[in-house]
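Biologist: Before we discuss how the helices pack, could you set out the terms that you rely on?

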Amino acid sequence: NLAIGEGELLGYLYSKGVRFHGLRTLDRDIVKMVCEKYNVEVLDVDPMKVEEMAKKKEIFDEDDLDKLKERPPVITIMGHVDHGKTTLLDYIRKSKVAASEAGGITQGIGAYKVQVPFDGKSLPCIFLDTPGHEAFGAMRARGARVTDIAVIVVAADDGIRPQTNEAIAHAKAAGVPIVIAINKIDKDGASPDRVMQELSSIGLMPEEWGGDIPMVKISALRGENIDDLLETIMLVAELQELKANPDRTAKGTVIEAGLDKSKGPVATFIVQNGTLRTGDIVVCGEAVGKVRALFDDRGIRVDEAGPSIPVQVIGLNNVPLAGDEFEVVSSLDIAREKAEARAEALREEHIAAKAGEGKITLSSLASAVSAGMEGLDLHQLNIILKVDVQGSIEAVRQALEVLPQNNVSLKFLLQAAGDVSASDVDLALASKAIILGFNVKAPGSVKKYAENKGAEIRLYRVIYELIDDVRSAMEGLLDPIE
Ligand code: GDP
């Protein structure tokens, strides 16, 4: 409760350029600003963050809590095509994996480990090998959360592009901290300052300018400032206090899987808690097996893998899917039981999704509002907005933002130009959002994917109709037949 008069508060907000169009819900950043000004502690209760924290907790049991030890960070590199993700991943891999060590060349198991000098020590750091937000979004849509930090690459000669926006939206929605790598600073026409300007205009304020987003200017091609980037990553990791209990049976996530001609089904696991050993019995997704052999990222046989460490596992009876969870159990019978239960749960989930149960739609929002918000756990409608041209983004967004938000507030997870993609659907699924399209299409395969998984895509040709549907839904008046 702020002991400040309404007039004073409004005056202060006015002086900061905050304008009111009727009743509106205050932006989190504005609330923070007010709290700082009046010296009030902010309890950050972003519903999305709470959800992510709850997920994180699921990894640990009560017993783990007093046995937690530090673990290495797991990094995903994202960004627009051609901005240098692969070049950066390759440079880090080549320069940081000492060639003199046995099997110095990494094997492409989907992730690799490098040693980073930090704080007088040499600390491990894990990079996922499939760059891009598509893989990140797909894993999240399946409920997996392996990434601790997102490095978003932006080319200094190109600036923010559609996939930069998408990558930022995915990282933000997952509550994963962002480090910006401003790449290609060696090029003619590179303007890191312009990139920083653009980023700050979409709410990512560089640390250098007093904000909280670390940005490092690099040349992935020449290897310039990569050490700075790695150090920055380690700093962010340190703040996150990443922990796990190595003294227990392992569980974690599959990040890659396939069929190898000589080895049979192979899968790369990232251990998220505990330690995985040869001889362990695992269930992962619908596959089961006894771990016959473990290989590290250099193709070397190892006996065990602790928290955050990627290992390739041989011995499964089937090929699991990236994003499947794995866990060590005490017998093959239990493993089979769990795999069967999981298959059954998936079938039910599929049927429920097809029937539209638990689906976030404008109509379900409308019925919840008209029923006095019953059954509505989020008083917030998460929106992914796709439009035909960059220029329409602000027009549509502003028209939506001025709608009265007394019952339900609107939150834009992503606003971008372009047709609706599978990765938009993944974002919608992982963050309980609806997709609104204006003058764009959704390819048949994307529509089908959304339908099967239970995400709503609404496409409009007339802006007035789009606004009207959202307004009616927020007021509980939308015709449920739609
Ligand atoms: P990705 O699509 O994001 O993985 O981008 P790539 O890593 O494939 O890079 C796209 C192109 O940009 C390639 O031709 C790279 O050689 C080039 N490139 C990447 N980083 C740099 C850099 O720091 N400087 C310059 N001049 N070119 C770069």
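Modeller: A crossing is left-handed if the near helix is turned anticlockwise from the far one by less than a right angle. In this predicted model, helix 5 passes helix 6 in a crossing of that left-handed kind.

Biologist: Why are helix 5 and helix 6 called roughly parallel to each other?

Modeller: Helix 5 (residues 133–141) and helix 6 (residues 162–174) pack at an angle of about 30°, with their axes 10 Å apart. Angles under 35 degrees count as roughly parallel, and therefore helix 5 and helix 6 receive that description. H133, F136, G137 and R140 of helix 5 meet residues of helix 6, among them Q163, E166 and H170. By class, this contact of helix 5 with helix 6 has five nonpolar, four polar and two charged residues.

Biologist: What makes helix 4 and helix 8 roughly perpendicular?

Modeller: The angle between helix 4 (residues 85–96) and helix 8 (residues 226–240) is about 90°, and their axes lie 11 Å apart. Since the range from 65 to 115 degrees counts as roughly perpendicular, helix 4 and helix 8 are therefore described in that way. Their contact is made by L88, Y91, I92 and K96 of helix 4 together with I226, D227, L229 and L230 of helix 8, and by class it has six nonpolar, no polar and two charged residues.

Biologist: Why is G120 called exposed?

Modeller: G120, which lies in the loop between strand 3 (111–118) and strand 4 (121–128), has a relative accessible area of 86%. Exposed means over 50%, so G120 is exposed.

Key: Residues numbered from 1 in each chain as written. Predicted model: local features only at pLDDT ≥ 70, side-chain atom pairs only at ≥ 80, totals over all residues. Heavy atoms only, no water. Helix = DSSP H or I, 4+ residues; strand = E, 2+ residues; numbered from the N terminus. Buried < 20%, exposed > 50% of the residue type's maximum accessible area, 1.4 Å probe, protein only. Axes fitted to C-alpha atoms, helices over the stretch in contact; angles between N-to-C directions. Parallel < 35°, antiparallel > 145°, perpendicular 65-115°, else oblique. Contact = heavy atoms within 4.5 Å. Nonpolar A, V, L, I, M, F, W, Y, C, P; charged D, E, K, R; others polar.
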